[in-house]
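Hello,

Here is the structure I promised to pass on to you. Please open it beside this message, and then read on for what turned up in it.

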Amino acid sequence: MSARIGVYVCECGPNIPDRIDIDRVLEEISPLKDVAVAKRYRLLCSNDGKKYLADEIRSEKLTHLVVAACSPRDHEKTFMKVCLEAGLNPFLFQMVNIREQCAWIFSEKSEATRMAVKYIRAGISRVTLHEPLLQKEIKATPDVLVVGGGIAGVETALSLAGQKRRVYLVERSDALGGTAARLGRLLPHQGTDMRLIQEKIEHAENNENISVFKGCEVEDIRGFLGNFEVSLKRSGGEPPPEMFRVGAVVVATGFALWDAFDPDVTGYGKIDDVVTSLEFEAMSASGKILKKNGSPPRSVALIHCVGRKEKGYCSKVCCLYSLKFAHQLKDSQPAPDVFEFYSDLCLPEKTDQDVFEEAKKRGVRFLRADDIRVEGRNGKIRIAYRDGSAEEAVEVEMAVLAPAMVPAPDSDRLARMLNIPLDETGFFKEAHSMLDPVSAPISGIYIAGCASGPKSIPESVVQAQAASGKILSVLMLGKTLEPEVKVSTIKEELCTGCQTCLNVCFYGAISFDAFRGVSVVNEAICRGCGSCVGSCPSGAISSKQFTYQQLFKEVMEALR
Amino acid sequence: MTPHQERTGPGAVPAQAAFLPAPEGTKKAVTDFLKTLMDQGGLDALLVPVEVPDTPFHAWVMVKKSEVLDKAHPLPPVMSVQGGRALSSLTKHGTPWLHIAAVMRPCEARAAVELAKLKQVRLDNVVLITIDCPGALPLAEYVADPEKGQERYKTVADTWHENEFLRPACARCHRFSLTGLEDGPSEGPAPDDAPASVDIHIGLLGEDQNGILLLPVTPSGAEILKKTGLEADRPTAGWESRVRDLLKKKKEKRQAAHEEFRKDITGLDRFLTVFDPCINCHNCMNVCPVCYCQQCYFDTQTQFCTSSVYMDRARKRGALRFPPDPLLFHLGRMSHMVLSCVSCGACEDACPVSIPVGKVFSWVADETQPAFGYSAGTDRGDPLPLQNFLKEEFCEIETPSACGQAQSTEVKENA
């Protein structure tokens with residue numbers, strides 16, 4: 001049976017006929033080989049238009065369909081659905097964009113018309129080479145693995161468990177709660193009652209839908225959205241728990257404090273009573289803020305931004321917790337002198353300003369300082385700094401450093417295992433830092449909390465809830481997944497097994513079959529980006545719907 | 001141009017090497033060494049060129065019995081099959097469970113290293129041994145008159161690159177000794193992590209012509225030498241300075257030849273003239289060690305269009321040559337493999353119409369490989385530019401604005 005191609009030009013209201021002579025276009029297209037019909041219609045994406053198109057496909061017995069209209073981003077899916085309803089394989093359809101790419105960009109009607117004809121000819125010549133592709137379905141597990149039992153991980157687990165999902169919560173240390181559970185007080189109300197966080201942890205531990213693995217690490221993860229195989233290992237060499245299968249992974253590995261600072265500059269480890277913020281939190285949690293000799297400090301320096309320059313980013317929460325420390329110190333009797341050494345204050349939340357103003361009222365001294373050096377002098381701590389061009393110094397009895405937040409140790413190992421990228425700072429990289437901040441670039445993997453960079457507790461909780469929402473909307477109970485259809489395929493007889501494609505695949509969709517000596521595409525993971533096609537030195541890889549032949553024919557017509 | 005990565009430096013030149021006296025000539029000494037290696041080096045087999053009985057030719061042979069080695073020589077008068085290719089056919093389909101040594105010319109070993117990066121050779125269980133190479137004769141001349149060829153090759157082996165018989169690729173060769181030596185500093189010991197492409201190198205150019213030097217380049221090379229009972233106690237400084245002098249001379253000669261050639265080939269017209277005699281036999285591709293595709297695109301029908309397309313093109317140009325686009329094959333091949341080109345000259349040897357293919361390719365290789373901070377076959381650990389994507393790569397070309405002032409000045413300086 002020879003091909004019967006139907007070409008339909010959509011007017012898109014006045015958008016297209018104002019700039020393109022559609023009758024002229026139809027005149028040029030109609031006599032082309034295999035074109036059975038070439039017609040125009042007011043608005044093909046309307047309900048009437050879709051019905052018209054479906055009727056045409058059936059009555060004209062079309063084998064291929066070309067729609068010249070708007071951008072495929074607007075309505076490709078719409079017309080593919082029409083094809084499906086009319087009994088035509090939706091991949092035997094090609095959309096030609098004559099609105100954005102012709103009508104809207106050429107000032108001369110004749111030029112726009114000429115280009116529209118070219119593009120439609122290109123579409124016709126490629127559509128005859130299209131293969132009828134099939135949409136596959138993949139069974140998916142709705143269960144979820146959460147890596148990291150800090151506040152973000154616990155919140156994720158609770159949100160998902162609340163929707164009857166089985167959650168595997170893996171925590172490296174032997175307690176849930178992470179850094180949030182180690183704090184002495186919580187802002188903004190200076191509450192010392194940590195019950196709220198403890199309650200969350202207890203809920204997570206007692207929830208029958210959550211399996212908590214404390215003292216465990218992920219040994220290996222393989223698979224893809226809907227089907228990840230996970231194995232754990234227990235620290236201390238005890239036998240590992242069983243393997244399990246999940247549909248999605250949430251990376252909530254949190255952060256660590258930077259500890260590579262220079263002891264000659266910060267005095268840390270060399271001078272008594274120079275402590276880090278987390279050490280201060282521990283003192284605060286125990287209710288005893290004391291110097292090494294057991295007496296309360298009469299003056300304290302809070303030093304911001306330790307490592308901001310070296311790391312190249314602001315850790316977001318240090319200004320605020322340093323203010324929290326200041327208040328706490330001022331609460332004790334007798335209240336010590338408190339100096340805040342800062343370079344820029346970062347107080348973005350709506351309640352932050354009050355905390356700052358209140359601190360000023362209580363006599364906390366804010367010193368804008370550069371080149372801070374902590375020196376030991378006669379049992380006291382001398383903070384030397386530069387204020388503009390003046391060299392200044394203050395003597396105190398205790399100094400609290402606010403080191404930068406850095407990626408949790410082993411982030412790179414987890415990243416390699418999951419095949420997801422880290423950014424320049426070493427934190428996990430989001431699919432898009434603004435528009436998709438809780439997704440990793442690979443389907444089925446999500447990031448919540450400080451794993452993707454410094455965050456406050458409320459931000460981490462928001463991210464945990466967002467990641468849960470994403471998972472709930474992707475992995476629906478009892479539903480299968482529809483993977484990308486236009487995937488890459490490898491001609492095994494041409495593949496030399498050089499494995500260049502493995503290096504360029506962003507999604508980790510290609511693996512090497514050592515027995516046959518060829519690369520293999522996992523169609524469930526492949527997103528059809530075409531990187532491997534371009535990189536293959538042997539030309540063994542092609543992309544369905546973007547074969548060399550299809551592209552060649554299409555480009556040739558467009559350039560004719 | 002800003003190299004996209006730092007080259008780590010030269011091949012390690014060990015300060016001391018084992019010495020093997022050669023009272024009956026270096027060829028015999030090399031054979032003796034190979035036998036010792038076979039018997040005491042803990043190796044299962046040797047891959048080495050062996051004389052084909054009753055012919056003037058050598059073939060690559062995997063030797064299991066040491067008496068066969070009497071007829072073996074890693075420096076046959078011509079290079080008929082490139083050693084990299086031979087090793088690929090032996091090891092491509094999986095790591096050999098045998099522990100073997102492959103003894104070859106430096107350019108052949110460089111091809112093997114490139115092929116290893118392309119997973120066409122497995123070096124896991126292979127000891128790579130190279131030898132100071134006096135060059136080879138043009139294949140066609142040798143085939144036409146083998147007797148004369150063998151006579152000439154005696155001169156070649158004695159005169160060390162100062163004779164007129166060498167094939168063009170060898171006459172221009174500046175990497176005929178331990179690979180990496182030509183790029184490295186001339187003084188000071190090699191760093192421990194210096195890249196190495198081979199395990200053992202056989203030095204023939206020592207001051208003492210009465211013996212050969214056996215240089216343990218890598219720890220595994222050293223271990224094998226140790227097993228053979230040869231003590232590495234002879235300083236290599238004399239050999240090294242002699243080699244460096246010769247390499248320097250040859251490098252200047254090579255650069256001068258390339259500069260001269262640039263005049264002959266620059267511009268599309270001249271370029272076409274150089275490739276005009278091409279008969280589309282694709283011999284250059286078939287013998288090239290680093291052309292490793294199962295099937296070349298240019299050997300398929302996909303490249304040909306329908307006659308109406310050709311008619312269109314003929315209409316535009318006035319006339320069209322057939323088969324069309326002969327140059328496309330050479331340019332396509334070049335864009336695929338020139339970053340891995342080891343300048344072995346196999347392509348040139350195989351060209352029946354004497355196109356200087358090797359000259360074109362090694363010239364382009366000399367210009368392009370440094371742009372990627374790459375040197376084909378020098379360092380096993382240095383990833384292929386094709387497989388190594390860096391964010392800052394060539395940013396001075398792609399996004400000059402994002403590149404920053406510092407780098408753009410650098411470009412100017414180097415330009």
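Let's start where the two chains meet: chain A puts 14 residues into the contact, and chain B puts in 14 residues. Please keep in mind throughout that this is a predicted model. On the side of chain A that touches chain B, the largest share comes from helix 15 of chain A (residues 500–504), which supplies three residues. Sorted by class, that side of chain A holds five nonpolar, eight polar and one charged residues.

Next, have a look at chain B by itself. Its domain assignment gives domain 1, covering 16–257, and domain 2, covering 268–402. Between the C-alpha centres of these two domains of chain B there are 28 Å. Where they touch, 29 residues come from domain 1 of chain B and 26 residues from domain 2 of chain B.

Which elements give two or more residues to the side of domain 1 of chain B that touches domain 2 of chain B? They are helix 2 (83–91), helix 3 (106–117) and helix 6 (168–171) of chain B. Helix 3 of chain B gives the most, with ten residues. By class, this side of domain 1 of chain B is made up of 15 nonpolar, six polar and eight charged residues.

Strand 2 (residues 45–51) and strand 3 (residues 58–63) of chain B run antiparallel and are joined by six bridges. B:Glu51 has B:His58 of strand 3 of chain B opposite it. Six residues lie between the two strands of this chain B hairpin, and B:Asp54 takes a positive phi near 60° there.

Back in chain A, there is a helix pair to view. Two packed helices are described by the angle between their axes and the distance between the axes. For helix 6 (residues 151–161) and helix 14 (residues 457–474) of chain A, the axes come within 8 Å and cross at roughly 35°. The crossing of helix 6 of chain A with helix 14 of chain A is right-handed. Helix 6 of chain A brings A:Ile151, A:Ala152, A:Glu155, A:Thr156, A:Ser159 and A:Leu160 to the contact. Among the residues they meet in helix 14 of chain A are A:Ile457, A:Val461, A:Ala464 and A:Ile471. Taken by class, the residues of this helix contact in chain A are eight nonpolar, six polar and one charged.

Enjoy exploring it, and write back whenever you like.

Best wishes

Notes: Residues are numbered from 1 along each chain as its sequence is written. Chains are lettered from A and ligands numbered from 1 in the order in which they are written. This is a predicted model: local features need pLDDT of at least 70, side-chain atom pairs count only at pLDDT 80 or more; totals for chains, interfaces and linings use all residues. Two residues are in contact if their C-beta atoms, placed from the backbone, lie within 7 Å. Helices (H or I, at least four residues) and strands (E, at least two) are DSSP runs, numbered from the N terminus. Ala, Val, Leu, Ile, Met, Phe, Trp, Tyr, Cys and Pro count as nonpolar, Asp, Glu, Lys and Arg as charged, and the others, Gly among them, as polar. Domain bounds come from an automatic or database domain assignment. Axes are lines fitted to C-alpha atoms, for helices over the stretch in contact, and angles run from 0 to 180 degrees between N-to-C directions. A crossing is left-handed if the near helix is turned anticlockwise from the far one by less than a right angle, and right-handed if clockwise. Two strands pair if DSSP finds at least two bridges between them.
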